[in-house]
Amino acid sequence: MAGNGRALPKPLLKVAGLGLLERSLLTLHAAGIERFRVVLGADGERIAGEIRRRSSLSGLTIELVDCPDFDAGNGVSLAAGARGVADGFLVAMADHVMDTAFVRDFLSRAAARPESPQVAADAIEAVFDLEDATKLRTIDGRIQAIGKSLTSYGSVDAGLFFFPAGSGARVGAMVATGARSVSDIVTRMAAERPFFATRVMAGMWQDVDTPDMAREAERRLLRSLAKPTDGFIARHINRPISIATSRFLARWGVRPNVITTVVSIISLVGAGLAATADPAMLAVGGLLFQLASILDGCDG
């Protein structure tokens, strides 16, 4: 769901070099989602134009849905997007950053209950700004209450939902009878059937409502580049340098494919120098291999 009436619409704000909406679509696609509906509200024409202009999105199947009543609540936007959808579907907030590992883990866990609506949930201690978070109170994983002002809760809503087949019409009916927010819809649906808070154990996510949250989202994205298989050199030398370089390159809009091409060229030059009998050239070739190894961590 996209659009909020700012001078620059929030879905177009950049975190680590990509607009929030563009990043969400690419992340969901990388996790296996093939068809998308983007619900447009404030600044809808501007956002639609950006979607059409982005070459990175040109291969995605994206349907744009206008929601004239977007200011009535995000539940109304959800109903607009779900209208006519008979199959199960995901709902993602355009102002939430998450990585592919987070989405895949949620999809895997949600598949264990394909007939139940679910929301991705995270531990309280993992939340950057708990006051702003949407809290969840549950019993045996079933949602009993949801809202920002809850005083008793055990986890938080991470902004990614699964609704099973048949939910599109039900969401529309709830909005028609007064539901206005996504929390309203979750509350009403949870009163009818189990609505699960599904704890996601992999990857990262971050809501982006303030400059501090945007910086935290970038920090978490860059931190996610580290791998458990990194050796001592990679962990303490290569990875810190590649993360700092990634931050710089992302802010200048350098795309991963460009970095991959540069790494390939450096590696070939290094191999050519290493193949010579000149000790000095061999040393330079070794340095180029090390540089390629560092930059190789920047193209994710």
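Which helix does Ser24 lie in? Select Ser24 and you will land in helix α1. Before going further, please note that this is a predicted model, in which local features need pLDDT of at least 70 and side-chain atom pairs count only at pLDDT 80 or more, while totals for chains, interfaces and linings use all residues. Residues are numbered from 1 along each chain as its sequence is written, and side-chain values use heavy atoms, with hydrogens and water left out.

**The whole protein**

Zoom out for a moment. The protein has 10 helices and 12 strands; these are DSSP runs numbered from the N terminus, with helices being H or I of at least four residues and strands being E of at least two. Of its 300 residues, 44% are buried, where buried means under 20% relative accessible area, exposed over 50% and partly exposed in between (1.4 Å probe, protein chains only). Among contacts with a separation of 6 or more, 70% join residues 24 or more positions apart; a contact means heavy atoms within 4.5 Å.

Return to Ser24, which is buried at a relative accessible area of 11%. Leaving aside residues up to four places away in sequence, Ser24 touches Met93, Ala94 and His96.

Now select residues 20-30 for α1 and 100-110 for α4: these helices pack at an angle of about 50 degrees, and their axes are 8 Å apart. That makes α1 oblique to α4. Axes here are lines fitted to C-alpha atoms, for helices over the stretch in contact, and angles run from 0 to 180 degrees between N-to-C directions. Angles under 35 degrees count as roughly parallel, over 145 as roughly antiparallel, 65 to 115 as roughly perpendicular, and the rest as oblique.

To see the contact itself, show Thr27, Leu28 and Ala30 on α1, then Thr100, Val103 and Arg104 on α4.

**Stop two: helix α2**

Next, select residues 44-53, helix α2, where the buried residues are Gly44, Ile47, Ala48, Gly49, Glu50 and Ile51.

**Stop three: a group of rings**

Show the side chains of Phe89, Phe161, Phe163 and Phe195, which form one aromatic cluster. Rings of Phe, Tyr and Trp (its six-membered ring) pair if their centres lie within 6.5 Å; planes under 30 degrees apart count as stacked, over 60 as edge-to-face and the rest as tilted. The count by this rule is 3 aromatic pairs.

Start with Phe161 and Phe163, a stacked pair with 6.2 Å centre to centre and 20 degrees between the planes. Phe161 is buried, at a relative accessible area of 1%, and Phe163 is buried at 0%. Then move to Phe163 and Phe195, an edge-to-face pair with 5.9 Å centre to centre and 85 degrees between the planes. Phe163 sits in strand β10 (residues 155-163) and Phe195 in the loop between α6 (182-192) and β11 (196-199), so this pair ties together parts 32 residues apart in sequence. Phe195 is buried as well, with a relative accessible area of 0%.

**Last stop: helix α10**

Finish by selecting Ile294 in helix α10 (residues 279-296). Is Ile294 buried or exposed? At 10% relative accessibility, Ile294 counts as buried.
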